Amino acid sequence: MSHLSRRPADPAVGASVPHESARLHVSGQALYTDDLAQRTAGALTAWPVQSPHAHALVRSMDTTAALAIPGVIRVLTAQDVPGINDCGIKHDEPLFPSEAMYYGHALAWVLGEDQNAARAGAAAVVVDYLPLPSLISVAEAIQAQSFQGMKRTISRGDADAALATADRVMSGVTEFSGQEHFYLETQAALATVDEGGQIFVQSSTQHPSEAQAIIAHVLGRASNEITVQSLRMGGGFGGKEMQSHGFAAIASIGTLLTGRPVRVRLNRTLDMTMTGKRHGFHTSWEAGFSSEGKLLALKALLTADGGWCLDLSEAVLARALCHVDNNYFIPHVHLDGRVAKTNKTSQTAFRGFGGPQGMLMIEDILGRSAPLLGLAPEELRRRNFYRDGDSTPYGMPVRHAERVTTMWEEALERSNFAERRREVNAFNAAHPGRRRGLAITPVKFGISFNLVALNQAGALVHVYKDGSVLISHGGTEMGQGLHTKMLQIAATSLGIPLSGVRLAPTRTDKVPNTSATAASSGTDLNGGAVKNACEQILGRIAVVAGAMLGVPAQDVRFSGGLATGLGVTDQSFTFAEVVMQAYLQRVQLWAAGYYRTGGLHWNPELMQGEPFKYFAGGVSVTEMEVDGFTGTYSTRRVDIVHDAGDSLSPIIDVGQIEGGYVQGVGWLTLEDLRWDESNGPHRGRLLTQSASTYKLPSFSEMPELFNVHLMEHAEEEGAVYGSKAVGEPPLMLAFSAREALRDAISSFGPAHHSVELASPATPEAVFWAIQESCKAAGTSFEENALSAARLRPVTVRP
């Protein structure tokens with residue numbers, strides 16, 4: 001096993017320790033960006049002037065009335081930008097646009113003494129618009145041929161020829177909606193300027209270094225004049241990877257022009273109407289199967305709804321194309337991908353970053369095809385699993401292909417799948433109005449950034465004279481437990497108790513040029529950097545400890561806060577004693593650590609190579625119960641087996657798996673984004689802009705039984721302490737919930753009926769799918785239910 005993966009005796013990693021901020025979270029003491037603003041004297045509040053049109057030219061803007069309102073200090077417009085009026089990475093995202101591109105687009109920002117003043121000022125700004133035609137749905141964009149960015153293609157073999165000779169060919173369209181991030185903490189930033197003109201920004205962001213770069217070019221400054229700090233986030237899920245930068249830039253312009261602190265904090269409605277979502281997709285496909293149910297060929301066109309500008313849409317599309325296969329070997333593949341341009345919020349990163357969208361298409365294909373092939377869905381899936389020696393359509397060998405198969409068998413056993421299948425069938429036979437469904441689905445998800453250059457990280461570790469340790473790293477904490485794992489890695493590397501290590505907030509003047517905390521790579525990258533820094537320090541003080549113990553440096557061992565020597569049984573020194581002696585000998589006690597992921601190569605033009613360090617995966621079994629009269633449903637039981645490698649922090653990882661699954665269920669079954677597609681005055685307006693109209697998973701959607709098991713003996717060679725990423729892969733375990741709904745719906749229809757299920761599979765969508773199943777059986781649901789009721793014996797109690 002490699003040095004990076006090997007664990008010492010009695011490590012701090014692997015222990016189930018609480019989240020490092022858990023006590024602060026539950027006691028309300030944890031501070032977030034806007035909490036800092038509340039503690040900052042004289043802070044101004046910014047409020048946007050929003051467009052009431054999905055698409056319109058701004059002919060003029062009059063701020064006179066706004067400036068006359070008491071408490072309004074200034075109105076920021078394009079003329080106030082000292083540098084470049086753009087807050088994106090593709091130079092297509094003006095911070096102050098002259099053309100409104102979606103309903104709610106911010107055209108100017110009002111600075112007020114408080115929120116009430118700023119909000120009243122924004123309402124008083126007079127804007128003259130020239131409304132223009134708009135495209136709201138993906139279908140409208142496709143019809144208008146409205147696309148943006150690069151088209152991408154993944155191809156292997158000859159899909160057309162294989163389809164022509166396949167025993168069975170299925171074709172169809174799979175459409176699915178986006179998803180609102182709905183992090184508990186909305187977008188927020190607080191900017192201040194010092195006497196030298198240096199800008200300090202507190203930002204709720206997953207990517208402080210990119211925020212620093214964008215603020216710098218908006219202000220026309222060098223990056224060393226801008227410091228960005230991310231103390232913690234109340235959730236991010238990808239929504240604060242790119243979309244937070246514009247708000248930080250607004251605060252920075254405001255503080256530079258007024259000399260006062262400026263805060264931007266969106267309320268929930270602003271956040272939902274102004275920020276991007278998960279990309280919805282329109283996909284059309286043809287799939288060829290052998291008579292035994294083996295996938296022979298797949299040809300598909302994937303169209304992502306990018307919204308009004310590119311943001312990260314090209315990268316999301318690329319990852320979607322790389323995950324269409326999920327865990328299935330397809331010999332002949334031709335996949336085309338493109339990004340639609342619509343007059344909606346610019347869709348952005350969201351947990352899974354295109355992977356869920358690609359996988360949903362293949363899972364929908366298999367779910368719809370299984371009955372037509374005369375196979376149980378679980379059997380069709382199992383027959384097409386990757387085996388050792390197989391490679392993906394983009395040319396990457398599938399190493400450890402047997403892991404998913406092993407987890408599949410374990411999940412079947414742990415869930416008692418075969419017996420429960422019989423129980424479900426018996427229940428359905430006895431309950432005409434209510435049906436149950438059972439399904440099992442796999443996940444294979446690639447870990448690393450699509451862009452190879454992003455797979456690097458840095459850290460800064462300080463050891464003080466008293467032996468206490470302070471670490472800084474480039475990753476950001478959004479509740480996922482990254483900081484907890486970094487503390488465990490540092491304690492393990494230095495051989496000291498976890499209580500001896502403290503973590504500093506993430507900021508750009510400590511660790512520069514960092515990558516976003518995204519792509520499930522936060523632990524792999526930053527953990528490698530922290531470990532590297534600790535080992536540099538340990539190597540130096542081992543020389544000192546060796547002299548103290550009378551042994552060579554290589555024979556010194558640090559564990560449990562003590563330095564001992566091989567063969568020395570009567571003497572040891574505390575870590576603090578060794579550190580003090582090292583200081584007295586003028587030994588450097590701090591280090592900058594660095595890590596880069598090795599073995600990656602990727603050609604984005606050809607869409608070929610090995611873009612991932614490894615594949616993470618899991619298997620889930622879900623049982624659902626559906627009410628045929630209303631389409632409502634409940635989750636009865638979930639069983640998950642997941643590969644987290646040799647987990648660094650099991651309790652953190654199990655929490656991530658549970659949360660990821662539930663968020664995936666929300667996307668697939670409940671969360672229904674709706675825009676006004678009419679030709680009325682509010683065309684393009686987001687209709688689901690609050691918790692009252694956008695349904696999120698809650699306690700009532702939780703399964704009665706929720707079993708999560710981490711795969712055993714799953715150490716990952718070449719990853720920090722043998723662990724594996726666990727941020728994004730669990731979200732796609734939720735496919736089993738959607739397939740369990742399909743299974744329940746199919747029981748209302750005839751054998752071999754293929755159920756088409758909308759996504760999200762809301763109760764309304766489930767109701768109509770049940771009606772279609774009954775229609776395929778030549779009757780109606782009501783007739784079936786009434787007939788069964790007449791045949792059911794009536795028991796009269798005395």
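Helix contacts, sheets and domains

Me: Which residues of α16 and α17 meet?
Reply: From α16, L538, I541, V544, A545 and M548 meet F575, E577, V578, V579, Q581 and A582 of α17. Contact means heavy atoms within 4.5 Å. Helices are DSSP runs of H or I with at least four residues, strands are DSSP runs of E with at least two, and both are numbered from the N terminus.

Me: What kind of model is this?
Reply: This is a predicted model, in which local features need pLDDT of at least 70 and side-chain atom pairs count only at pLDDT 80 or more, while totals for chains, interfaces and linings use all residues. Residues are numbered from 1 along each chain as its sequence is written, and side-chain values use heavy atoms, with hydrogens and water left out.

Me: Back to that helix pair. At what angle do α16 and α17 pack?
Reply: Helix α16 (residues 522-549) and helix α17 (residues 575-584) pack at about 95°, and their axes are 9 Å apart. That makes α16 roughly perpendicular to α17. Axes are lines fitted to C-alpha atoms, for helices over the stretch in contact, and angles run from 0 to 180 degrees between N-to-C directions. Angles under 35 degrees count as roughly parallel, over 145 as roughly antiparallel, 65 to 115 as roughly perpendicular, and the rest as oblique.

Me: What classes of residue are in the contact of α16 with α17?
Reply: The contact has nine nonpolar residues, one polar and one charged. Here Ala, Val, Leu, Ile, Met, Phe, Trp, Tyr, Cys and Pro count as nonpolar, Asp, Glu, Lys and Arg as charged, and the others, Gly among them, as polar.

Me: Next pair. How do α11 and α19 pack?
Reply: Helix α11 (residues 355-369) and helix α19 (residues 735-746) make an angle of about 25°, with axes 11 Å apart. That makes α11 roughly parallel to α19.

Me: And what meets what there?
Reply: P356, M359, L360, E363, D364, G367 and R368 in α11 meet F735, R738, E739 and R742 in α19. By class, the contact of α11 with α19 has four nonpolar, one polar and six charged residues.

Me: How do the axes of α18 and α19 cross?
Reply: The axes of α18 (residues 650-670) and α19 come within 8 Å and cross at roughly 45°. The two helices, α18 and α19, are therefore oblique to each other. Y661, V665, W667, L668 and T669 of α18 make the contact with F735, S736, A737, R738 and L741 of α19. Those residues divide into seven nonpolar, two polar and one charged.

Me: Now sheets. What is the strand order in the open sheet of eight?
Reply: The order is β3-β5-β1-β12-β9-β10-β11-β20, with mixed pairing. β3 (72-76) and β20 (506-507) stand at the edges with a single partner strand each, so one side of each has no neighbour in the sheet. Two strands pair if DSSP finds at least two bridges between them.

Me: How many bridges join β9 to β12, and do they run parallel or antiparallel?
Reply: Four bridges join β9 (residues 188-193) to β12 (residues 262-265), and the strands run antiparallel. A189 stands opposite V264 in β12. Helix α8 (residues 245-258) packs on this sheet, touching β1, β3, β5, β9, β10 (199-203) and β12, and its direction makes about 25° with that of β9.

Me: What about the open sheet of four strands?
Reply: Its order is β19-β18-β17-β24, again with mixed pairing. β19 (501-503) and β24 (590-596) are at the edges, each with a single partner strand, so one side of each is left without a neighbour in the sheet. The twist averages 25° from one strand to the next. Five bridges join the antiparallel strands β17 (residues 456-463) and β18 (residues 469-473), and V463 stands opposite V469 in β18.

Me: Where are the domains?
Reply: The chain is divided into domain 1 (22-28 + 456-596) and domain 2 (395-447 + 613-798), with bounds from an automatic or database domain assignment. Their C-alpha centres lie 42 Å apart. In the contact, 16 residues of domain 1 touch 17 residues of domain 2.

Me: Last one. Which residues does a cis peptide bond join?
Reply: A cis peptide bond joins S759 and P760, with omega about 10°. P760 lies in the loop between α19 and α20 (763-776). Most peptide bonds are trans.
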